[in-house]
Amino acid sequence: MRLLERIRKEWFMIGIVLAIAGAKLEPSIGVNGGPLKPEITVSYIAVATIFFNSGLSLNTEELTSALVHIKLHLFIQIFTLAFFPAAIWLFLQLLSITPINEWLLKGLQTVGCMPPPVSSAVILTKAVGGNEAAAIFNSAFGSFLGIVVTPLLLLLFLGSSSSVPFTSIFSQLFMTVVVPLIIGQIVRRYIKDWLERRKPPFGAVSSSVLLMIIYTTFCDTFSNPNFDLDKFSLILILFTICSIQLSFMLLTFIFSTRNNSGFTPADTVAIMFCSTHKSLTLGIPMLKIVFAGHEHLSLISVPLLIYHPVQILLGSVLVPTIKSWMVSRQKGVKLTRPTV
């Protein structure tokens, strides 16, 4: 029974492994021009489906209560969409002298450019008992910002690696990301009661479509005779990602707990998760658009595929520790309040 429950929880991680293994065994099915026709089904239909689904599931009505905490929102958005990519770029200047595969390093830079995820940061913030409303707002708002900011950051840091014209990228992003997202929000207004009553499996739908995108991406890779993934580079990237995740969580903790920060312990919890988590659901489709036809697309995607499970694993492991700290701090604040 426990095994079945664990499989249900981890099915997406298992799906990623199976998608990559399937692409390795039979790459001809998912390559451009193959039976799946990914140049149409993935580049347009699959990506549009994910963002229509996001628009349909995004409960923007719940975000108004968190809107007033501007300082907290600015901290999270500036950290995740400005400080994070800039810090990674500086760090990669040092890593560039190492033997790590250059395309994995470029992939690490793309991780830094990604917006926060819609789900994992919120789930972990809620598990700790932090400021869930702030986590929801920043995840949703960061996703909207990411539609515009992330492609700009990718072009800024990796412009020479992109083979797609600037106007072409944004026209495709508009048609496959912005338009479906807006349509999803409009449809939601008319079927809101039904959605709240039936609670459709939005997460499972997006994850299933995302697995198809991952599968076709790696089909392109494994069909390339020049593909060579260095295991040593992969191990170093995994270690680097774990180090970045822990270092940035510690950094946000230090900044948000200073005496003059103005943040509560519950705010700090939301800041730690929202500022350091990155979206796989938004990231992979965007990479597919920005680096369409690029022979090293799958290598560029690998760090993001690693970062996603690492952020969930590390976050889950740290939940009891962070919760214990938050509760003790909140008790301390109550004890120091003067009685009237």
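Cys 113 has 0% relative accessibility and therefore counts as buried, where buried means under 20% relative accessible area, exposed over 50% and partly exposed in between, with a 1.4 Å probe and protein chains only. Cys 219, at 0% relative accessibility, counts as buried as well. A search of the whole structure finds 0 disulfides, a disulfide being a pair of cysteine sulfur atoms within 2.5 Å.

Please keep in mind that this is a predicted model, in which local features need pLDDT of at least 70 and side-chain atom pairs count only at pLDDT 80 or more, while totals for chains, interfaces and linings use all residues. Residues are numbered from 1 along each chain as its sequence is written, and side-chain values use heavy atoms, with hydrogens and water left out.

Let me turn to the overall architecture. The protein chain holds 13 helices and 0 strands; helices (H or I, at least four residues) and strands (E, at least two) are DSSP runs, numbered from the N terminus. Of the 340 residues in the protein chain, 49% are buried.

Next, helix H7. Asn 138 belongs to this helix, which covers residues 132-158, and with 0% relative accessibility Asn 138 counts as buried. What does the side chain of Asn 138 join by a polar contact? The partner is the side chain of His 73, at 3.0 Å. A polar contact is a pair of N or O atoms within 3.5 Å; within protein, one must be able to donate a hydrogen and the other to accept it, and residues adjacent in sequence count only if both atoms are side-chain atoms. The side chain of Asn 138 also reaches the backbone oxygen of Ala 134, at 2.8 Å.

I come now to helix H11, residues 265-276. With 12 residues at 1.5 Å a residue, H11 should span 16 Å, and its end C-alpha atoms are 17 Å apart, which agrees; the expected span is 1.5 Å times one less than the number of residues. H11 is mostly covered, with 12 of its 12 residues buried. Among them are Asp 267, Met 272 and Phe 273.

In helix H6, residues 120-128, the buried residues include Val 122, Leu 124 and Val 128. Gly 129 follows H6 and has a positive phi, near 95°.

Most residues other than glycine have a negative phi. Lys 37, however, has a positive phi near 50°. Lys 37 sits in the loop between helix H2 (11-25) and H3, and is partly exposed, with a relative accessible area of 39%. Lys 199, likewise not a glycine, has a positive phi of about 50°. Its place is in the loop between helix H8 (166-198) and helix H9 (202-222). Is Lys 199 buried or exposed? At 62% relative accessibility, Lys 199 counts as exposed.

Tyr 44 lies in helix H3, residues 38-57, and is partly exposed, with a relative accessible area of 43%.
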